[in-house]
Amino acid sequence: MFPVIFLIIIALAVFFFLNKKKVVNEVPVAGINYKLLLEQHIPYYQHLDNTQKALFEQKIIGFLSDITIEGIGTTVSDADKVMIAASAVIPIFGFNDWKYRNLTNVILYPDTFDNEFQFEGENRSILGMVGSGYMNGQMILSRAALTKGFSKSAGKENTAIHEFVHLLDKSDGATDGVPENLLAHEYVMPWLKMIHQEIHKIEAGRSDINPYAITNEAEFLAVVAEYFFQKPNELKHKHPELYEMLSTMFSQDLADDNVA
């Protein structure tokens with residue numbers, strides 16, 4: 001009799017332990033006041049209606065449930081987590097169900113870093129990076145750049161959104177500026193033509209787009225996506241065709257036509 005009772009007790013203990021563990025996994029970021037932090041730090045969220053805000057919050061929680069965020073040389077705050085998650089959600093908010101299957105964790109550095117992933121010493125100029133090779137599935141972000149991207153002084157630039165757009169681009173197997181998972185086949189050639197036309201304008205000093213966009217097609221996409229999400233009214237006013245293409249690509253129309 002004793003062995004039977006003992007086995008029942010063990011079985012019950014295992015059951016409650018596994019179920020407790022399951023609950024913890026389902027709510028890995030409990031205690032974060034999403035609404036408050038989003039209202040404080042994310043202008044994109046502030047312009048959504050109540051229904052859209054609720055959906056945005058769900059996507060934030062989903063991202064943080066799937067992706068590990070860790071700090072090296074810095075402490076990751078709740079605000080950092082929300083800003084990183086918002087950077088991931090903003091580009092895919094127009095899609096019903098998108099998972100970053102090519103990402104497992106985000107590493108937050110205090111500031112710029114170099115090609116050897118060092119954040120101390122000289123020759124540090126990298127603000128963000130999507131890993132490849134043995135770093136595949138990882139993203140490194142500068143905390144300083146992350147914070148600046150959501151500040152009032154950010155302008156057209158947001159490093160974290162830039163890097164998540166690279167991940168979207170990479171989701172079809174190639175980081176080449178043509179996100180085939182987002183762009184219908186008939187738009188591919190017009191998009192490439194648009195890229196090269198605008199690159200020529202940037203090279204000639206006839207464009208307000210960040211010159212870093214001329215690096216290659218992949219960087220062009222990431223740079224103009226920053227512009228699209230940070231300053232949609234300005235982009236639509238100055239680059240209407242580019243705006244329309246990005247609006248189609250990301251399935252979002254962000255510009256307020258009543259704003260010049």
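## Strand S4 and its surroundings

Strand S3 (residues 128–130) and strand S4 pair in the antiparallel sense, over three bridges. Within that pairing, Val-130 stands opposite Met-139 of S4. Strands here are DSSP runs of type E with at least two residues, helices are H or I runs of at least four, and both are numbered from the N terminus; two strands pair if DSSP finds at least two bridges between them.

A few ground rules before going on. This is a predicted model, in which local features need pLDDT of at least 70 and side-chain atom pairs count only at pLDDT 80 or more, while totals for chains, interfaces and linings use all residues. Residues are numbered from 1 along each chain as its sequence is written, and side-chain values use heavy atoms, leaving out hydrogens and water.

**The strands.** S4 covers residues 138–142, and five of its five residues are buried (under 20% relative accessible area with a 1.4 Å probe and protein chains only; exposed is over 50%, and partly exposed lies in between). Gln-138, Ile-140 and Ser-142 point one way from the strand, whereas Met-139 and Leu-141 point the other way. S4 also pairs with strand S2 (residues 105–109), this time in the parallel sense and over five bridges. There, Tyr-109 has Ser-142 as its bridge partner.

Asn-105 belongs to S2. Its side chain makes a polar contact of 3.0 Å with the side chain of Thr-104; such a contact is a pair of N or O atoms within 3.5 Å, where within protein one must be able to donate a hydrogen and the other to accept it, and neighbours in sequence count only if both atoms are side-chain atoms. Leaving aside residues up to four places away in sequence, Asn-105 touches Ile-67, Thr-68, Glu-70, Gly-137, Gln-138 and Met-139, with contact meaning heavy atoms within 4.5 Å.

**Helix H7.** Twelve of the twelve residues of H7 are buried, so the helix is largely enclosed by the rest of the structure. H7 runs over residues 159–170 and should span 16 Å, which agrees with the 17 Å between its end C-alpha atoms; the expected span is 1.5 Å times one less than the number of residues.

**Aromatic pairs.** The structure holds 15 aromatic pairs. Rings of Phe, Tyr and Trp (its six-membered ring) pair if their centres lie within 6.5 Å; planes under 30 degrees apart are stacked, over 60 edge-to-face, and the rest tilted. Tyr-45 and Phe-56 form a tilted pair, because their centres are 5.7 Å apart and their planes stand at 55°. Tyr-45 lies in helix H3 (residues 43–46) and Phe-56 in helix H4 (residues 50–66), so the pair ties together parts that are eleven residues apart in sequence. Phe-63 and Tyr-100, with centres 6.2 Å apart and planes at 90°, are therefore edge-to-face. Phe-63 lies in H4 and Tyr-100 in the loop between helix H5 (78–92) and S2, so this pair ties together parts 37 residues apart in sequence. Both Phe-63 and Tyr-100 are buried. Ring pairs also link Tyr-44, Tyr-45, Phe-56 and Phe-93 into a cluster.

Here are the accessibility values for some residues met above.

| Residue | Relative accessibility | Class |
|---|---|---|
| Tyr-45 | 1% | buried |
| Phe-56 | 0% | buried |
| Asn-105 | 10% | buried |

**The whole protein.** There are eleven helices and four strands, and of the 260 residues, 43% count as buried.
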